[in-house]
Amino acid sequence: MNAPSSDSTTVANPVAALRQYGQSVWLDFIRRSLIASGELKRLVDDDGLGGVTSNPAIFEKAIDGSADYATAIQEISDRHPGLDAKAVYERIAIKDIQDAADVLRPVYDRTGSQDGYVSLEVSPALANDTNGTLSEARQLWTTVARPNVMIKVPATTAGLPAIRTLISEGINVNVTLLFARDAYEAVAQAYIEGGWKRASPRDSRSLTLPASPVSS
């Protein structure tokens, strides 16, 4: 028999290899079977997955496009027959987010809270409602009760003050609908102000971003 070739090499996992360049890959998808089957844990362990994002559209496809949730929906309906569709959805989504966050928790711990998050979005119906966004974001944060959850908030005009306040309260925020440079700058300003308020709640000084070098 011929001996194994001495020039044979092991090809590194290309996704996991991104870590050496300071990159963290997040999965923009969630489904109960992904978690229950152990596939999410495999992605974390073998591929170096750093986080998971979700939104109502992703959950809609997961629920409508699979049988993963049939039993859970029936159990919720039996126990709480008066719940509306939104309340049923929230219970389903929160359970998935909690379970996914538990899988990602070792990443969160290993990186000193720099990575390993799972995001859950407030209702899109609240995109123009600052107070409604604040109320739902606080409720989701408290109910999920995981340090590595992020509450996703849109970068709308009404969302910006909510982002600022939530950050000042120590709630992790993942900003969505961030498409323009001006919106990015506004979100960065809200982040700075929220962080400053949390660090120095009695200090009324205001921080501002430097002017952009490119005219709009």
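**Group meeting: the sheet around β3**

Strand β3 and strand β4, residues 149–154, pair in the parallel sense, over four bridges. Let me start from that pairing. One caution before I go on: this is a predicted model.

How does the chain get from β3 to β4? It crosses through helix α6, residues 130–144. This β-α-β crossover is right-handed.

Now the partners, residue by residue. Glu 121 has Lys 152 in β4 as its bridge partner. For Leu 120, the bridge partner in β4 is Ile 151.

On to strand β2, residues 51–52. β2 also pairs with β3 in the parallel sense, here over two bridges. Look at Val 52: its bridge partner in β3 is Val 118.

Step back to the whole sheet. Five strands form an open sheet, and the pairing is parallel. The order reads β1-β2-β3-β4-β5. Which strands stand at the edges? They are β1, 26–27, and β5, 173–176. Each has a single partner strand, so one side of each is left without a neighbour in the sheet.

Back to β3, residues 117–121. Is this strand buried or exposed? Five of its five residues are buried, so β3 is largely enclosed by the rest of the structure. The cut-off for buried is under 20% relative accessible area. Now the side chains. Tyr 117, Ser 119 and Glu 121 point one way from β3. Val 118 and Leu 120 point the other way. Both sets are buried. Note that Glu 121 is in that buried group, and Glu 121 is also the residue bridged to Lys 152 in β4.

Next, the helices that lie across the sheet. Helix α5, residues 85–110, lies across β2, β3 and β4. It runs at about 155° to β3. Helix α7, residues 159–168, lies across β4 and β5. Its angle to β4 is about 155°.

Last stop: Glu 60. Where is it? Glu 60 lies in helix α3, residues 56–64. Its relative accessibility is 56%, and exposed means over 50%, so Glu 60 counts as exposed. Compare Glu 121, which is buried in β3. How far is Glu 60 from Tyr 89 in space? The answer is 9.0 Å, C-alpha to C-alpha. In sequence, these two residues are 29 residues apart.

That's the tour. Questions, please.

Technical notes. Residues numbered from 1 in each chain as written. Predicted model: local features only at pLDDT ≥ 70, side-chain atom pairs only at ≥ 80, totals over all residues. Heavy atoms only, no water. Buried < 20%, exposed > 50% of the residue type's maximum accessible area, 1.4 Å probe, protein only. Pairing = 2+ DSSP bridges. Right-handed = clockwise from strand over helix to strand, strands pointing away. Contact = heavy atoms within 4.5 Å. Axes fitted to C-alpha atoms, helices over the stretch in contact; angles between N-to-C directions.
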